[in-house]
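Please look over the sequence and the structure before reading on.

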Number of protein chains: 2
Amino acid sequence: MGEVEEDVLTTVGEAGERALLKEIGAILGPSSDPAVVLGFGDDAAVLSPSERMEHVLTCDVQVEGIHFEPRRHGFRNWGSRAMTAALSDLAAMGASPRWCLVSLGLRQDLSLADFQALNHGLVAAADAAGAAVVGGNISLAGERCLCDVSALGEIEPGRAVARGTAETGQLIIVTGYPGRAAAGLALSRVGEPETDAQKQTVRAYLEPRARIALGRELARRRLATAMTDISDGLLRDLGNICEASGRGAVVRTSCLEDHALAEAAASAGCRAEEFLLGASDDYELLFSAARGAWATVAELAEDLGEGPLRVIGEIREGPGLFLEKEDGTLTRVEPEGWDAVKTAGEQGSEGAGEQRGRES
Amino acid sequence: MGEVEEDVLTTVGEAGERALLKEIGAILGPSSDPAVVLGFGDDAAVLSPSERMEHVLTCDVQVEGIHFEPRRHGFRNWGSRAMTAALSDLAAMGASPRWCLVSLGLRQDLSLADFQALNHGLVAAADAAGAAVVGGNISLAGERCLCDVSALGEIEPGRAVARGTAETGQLIIVTGYPGRAAAGLALSRVGEPETDAQKQTVRAYLEPRARIALGRELARRRLATAMTDISDGLLRDLGNICEASGRGAVVRTSCLEDHALAEAAASAGCRAEEFLLGASDDYELLFSAARGAWATVAELAEDLGEGPLRVIGEIREGPGLFLEKEDGTLTRVEPEGWDAVKTAGEQGSEGAGEQRGRES
């Protein structure tokens, strides 16, 4: 922590999320509770209340106009996205969601119809994941509505997949099509989607779902060696895996080609690359796996209806993230993406922040 | 639920918290999960992941300028109050707090020093209650900071104390001194506290603590038959117990006399009654108990250093809340108090809303 003088002058916006998380870690200190298997710092905490099951707890807060624009994109969709954001953190641990709490902060002039739609979206997304909303909280919140979802999942002891356990030489695998949600958002702002590719990308933003079944099976069968979701952007979340694992990574950009994304980006007047590596808003899984496990992993995803998966690179011994072009040249990149406490204009060049539903 | 046309025209502020909770209940429908012992609608949910222990989950969100004014009363105090609000819900079920998640929404211009103070307050209050902060979330939040604490507690199966189990003729008992926190807030706005009574009431606002040990023992020894905290105000929360139990209550106002409160109220230019029955901001426990249990309950509180308790009335067969004066006359009152989604000016006459730290 900096000195007091300095801290008084530094704003949280200047400090950035990473520094703030470190502050909290320092304030918390190491856990002395033997039942806390994995505490502060990963996608979710892992708790061991009994020998039979471990519990996984997470929460995710969304603020109107910062993370979503419900007046433009619908309160039901907001509820669904807010729930999905929390459940995706459980999926990224391999846990099965069981129970949720929802804290709602409301503008006083919010219509009852919008309030109902918000709750329908929350509950529908929980239902779809096999989770039950068991409580929550309502409050006034000033000028912006807010929605904080806490979710508790279960997992067999020892099976939760953390970020810091990737090994050199292992494959880096991603589900779905990173960047489409952000491209869909950009597209929805320039008009009604027309082509199938355009409609697909807009749906990726408005109707995301968490990869619960795949996450659970990857953990249960010990196929994923490290895992996260890419809600902060592919490079940033890959950077988290690498940093926690004490490794680096190389990503082959050719493996990430996505024609629907390219078309949607062009229609929105943006470059696909802006969305691909840095955009958040996707709730896809990113994980490492042993080379020999690839066939099994791909078949599993297919069986669960969660394919296709793509191998996009591999874990390296040395530090740093590298993009590899088709001609084999490597470019080192910074793991930039969405910083939760910086405004859009201050996000890294890969952040594509201005294109996303975050206005401060 | 009303018809769609009507819902579009109704704001959540007009509908009020109670109606909104009913809306959510209707949206949720009855729980079909046998492990949900007590779901939506009480202070917290009761879950039964194993035969050995039940889990109790709750959350409580606070917004800057609505629930607390950290720039006036300190960010550390805010963190402590926000944590206490959630832990108090666990205490009111009789559960032992174990793990917490904290979702923070931040103004970008929040100083790092204030951010640290907020987190220190949160962690200190959790530590004091034997709970560990095991995760959370940071985000931008626009113009107001927000702090949502989710807490998970444990309890032996079958011991959680709900609201709806008070029986006719049982005593109504309250801890501490209801109204002091709100009086302390009012007082802190008119100047520095001078007398001991004044200092005591300001401390009641700035340094509340949840009645964890007492709540746990009342539940463990089955001494409380129904229990809640009075964070929405004494009458409103007693009304919740009565409504859920299908009973009424009579409260003897003479039993609630509090000289420190009276002095603080006078210094703040307010009537003590405004704070006593309707003010929130207190995290005291309100519970019913069999007449024959009083001596045991009082001794228990004394032993735990959580006394003195006061018997303030009794549960009646018929519906309605009544105040009984010393001459024996009864006045029926409405269970008004703090409605989480109405602004201060719209709160009931007992709400004392304008005196509290809630500005919309």
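## The sheet of chain A

In this predicted model, chain A holds an open sheet of seven strands with mixed pairing, in the order β8-β10-β7-β11-β9-β12-β13. Its edges are β8 (226-229) and β13 (330-333) of chain A, each of which pairs on one side only. On average, neighbouring strands of the sheet are turned by 25° against each other, direction ignored.

A:D229 stands opposite A:L285 of β10(A).

## Helices

Helix α12 (residues 294-303) of chain A packs on this sheet, where it touches β7 (171-175), β10 and β11 (309-316) of chain A. The direction of α12 makes about 145° with that of β11(A).

Helix α8 of chain A spans residues 212-220. Its buried residues are A:I212, A:L214, A:G215, A:E217, A:L218 and A:A219. After α8(A) comes A:R222, which has a positive phi, near 55°.

## Cysteines

How many disulfides does the structure hold? Over all chains there are zero. A disulfide is a covalent bond between the sulfur atoms of two cysteines, and the cut-off used here is a sulfur pair within 2.5 Å.

In chain A, the cysteine sulfur closest to that of A:C242 belongs to A:C255 and lies 16 Å away, so it is too far for a bond. A:C242 is buried, at 4% relative accessibility.

For B:C242, the closest cysteine sulfur is in B:C255, at 16 Å, and is therefore also too far for a bond. B:C242 counts as buried because its relative accessible area is 4%, with the limit set at under 20%.

Key:
Residues numbered from 1 in each chain as written. Chains lettered and ligands numbered in written order. Predicted model: local features only at pLDDT ≥ 70, side-chain atom pairs only at ≥ 80, totals over all residues. Heavy atoms only, no water. Buried < 20%, exposed > 50% of the residue type's maximum accessible area, 1.4 Å probe, protein only. Helix = DSSP H or I, 4+ residues; strand = E, 2+ residues; numbered from the N terminus. Pairing = 2+ DSSP bridges. Axes fitted to C-alpha atoms, helices over the stretch in contact; angles between N-to-C directions. Contact = heavy atoms within 4.5 Å.
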